[in-house]
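Please examine the sequence and the model shown below. The report that accompanies them is set out by site.

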Amino acid sequence: MIEIKNINFNFINQKILSDINLTVSSGEFISIIGPSGCGKSTLLNIISGITKPKTGEITVEGKKIAVGDKISYMQQKDLLLPWRNVRENAGIGLEIKGLPHTIIQKKISHLAKDFGLEKFLNYMPHELSGGLRQRVAFLRAVLIDNPIMLLDEPLGSLDAITKSSLHEWLMDVFRKFSKTIILVTHDIEEAILLANRVIVMSTNPGRILKEYIVDRNLVDNKDVTSNYFIKLKKEIIKDLIL
Amino acid sequence: MKKNIIIKNYLPPTASVFFVLILWQFSVIIFNVESWFLPSPSNILIELINSYEILLENSLVTLSEITIGLIISILISIMISGMIFWFKSFEKTIYPLLITSQIIPVFTLAPILIVWFGTGLFSKIIIIVLFTFFPLVINLVTAIKNVDMDMIRMFNSLGCTKFQMFRKLYIPAILPNFLSGCKVACVISVIGAVIGEWIGSSNGLGWVMKISGPQFQTARVFASIVCLSFIALVLFFTVVMLEKKLLRRYPN
Ligand SMILES: Nc1ncnc2c1ncn2[C@@H]1O[C@H](COP(=O)(O)OP(=O)(O)OP(=O)(O)O)[C@@H](O)[C@H]1O
Ligand SMILES: [Mg+2]
């Protein structure tokens, strides 16, 4: 269980996040959606521990945790190291954890196909398109294999087909390994398709506006045309327009 | 195809150098310039061959001063930048000192250094270090400051130690700047060596130039300059080769 309590955050004198309270149970898949600049990335930075909030605290199972412990964070920028090839970039997290080279390579080869990266493992980042770079960053975060994953628009610039296959794959991983996932996205359909709860944020200052429980029994992974789905989508759009 | 690229890259500079040399040679002949005033390139070449022993001996002296000086300078700059990485406040402490050390023209210190450390190898090394460590340190400090904040955060979010951060992020990130600092230092080190030898020494190419000028052995002065340029070129291209090897995988 992650508890996000009374988070306030200022940048210089501007209030960026105001009174964020959110409790995420283990095994939940949460989507966060909100207008650009409302502080979604800032919130994930704070949850991951790389940014200190002005007030408030984050606890996991009731305890404060060290940065990098239990939480994998895929940031919005791909942040690939230009001097490392795809393989070496993907493996950096495990390398830092001290895993032996051969095991890291095995894990990468094992997952590369799911990410559509098997042909590109020896490419350098500057030789890849934006979508491919994002997949490498995604793979890097997934490989670390922490129980909690923060994903900041992981599928932002991917084509629809790759996106949909990664959706399925992500749901698979999520169920099989009982992960807890917080996903930031701009894509309302994606938010509903994947999550059991959608958090809508509003801007100036960033705060939680509304929260929707998604009945997973009524949402099919691919079907975006059911009545339930469309109704939910309409409500969220209304929130975002207001 | 590869041959074409080589021709395209090396032909123009080689041709222009030859053009200048030929122009020089013919001007000296046509205007009948005396060799003690301005020796022709062929005169300089003859001098290089005739006094190759004295030139080689003193080139080796200068080269060893430069090599030792550069190595010490590089080690000092790495130490300082390491300190800046580990102790944030160290930068504020060292920066004013670094800047002040550059306001004093180093060559005015040279006579004092000769008084303090004698006319041997040691004083030359100190002068070379004083000349070269600044571009090295400045390049490193700037590079350290420019390491992408988001990358640092990313490494933090992976739960890395400070040492891992240094090894896996900082060292590769600052390597290109470090090598360009080395290139500058290589060229400057030659100037430092000559100044040191000029002011107080009994060997080295700077000393050869100093005693040859007043004796109107102008060809020998030029021959020494050729040797010095050759040393600078060799050092410079050593770093270029190193760059080619170490930065092979970097973009651009
Ligand atoms: N380092 C910074 N420099 C300038 N502004 C900042 C910085 N950090 C945060 N901000 C401000 O904080 C606000 C929230 O930024 P954040 O990146 O969290 O938004 P976001 O919701 O992730 O936006 P997007 O959907 O575009 O990614 C923005 O208005 C931004 O201007
Ligand atoms: Mg963002």
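The text below treats a ligand site, a metal site and a helix.

This is a predicted model, in which local features need pLDDT of at least 70, side-chain atom pairs count only at pLDDT 80 or more, and totals for chains, interfaces and linings use all residues. Residues are numbered from 1 along each chain as its sequence is written, chains are lettered from A and ligands numbered from 1 in the order in which they are written, and side-chain values use heavy atoms, without hydrogens and water.

**Ligand 1.** The residues around ligand 1 (a heavy atom within 4 Å) include A:F11, A:I16, A:K40, A:E153 and A:H186. Helix 1 of chain A gives the most to this shell, with three residues; helices are DSSP runs of H or I of at least four residues, and strands are runs of E of at least two, numbered from the N terminus.

| Side chain | Distance to an oxygen atom of ligand 1 |
|---|---|
| A:S41 | 2.7 Å |
| A:T42 | 2.5 Å |
| A:Q76 | 2.8 Å |

The protein covers 61% of the 630 Å² of accessible area (Shrake-Rupley, 1.4 Å probe) that ligand 1 has on its own.

**Magnesium ion.** A:S41 (OG) and A:Q76 (OE1) coordinate the magnesium ion, ligand 2, at 1.9 to 2.2 Å. Because A:S41 lies in helix 1 (residues 40–48) and A:Q76 in the loop between strand 5 (71–74) and helix 2 (86–90) of chain A, the pair ties together parts 35 residues apart in sequence. Donors are N, O and S atoms within 2.8 Å of the metal (3.2 Å for Na, K and Ca); water is not among the atoms, so sites may look incomplete.

Conventions:
A polar contact is a pair of N or O atoms within 3.5 Å; within protein, one must be able to donate a hydrogen and the other to accept it, and residues adjacent in sequence count only if both atoms are side-chain atoms.
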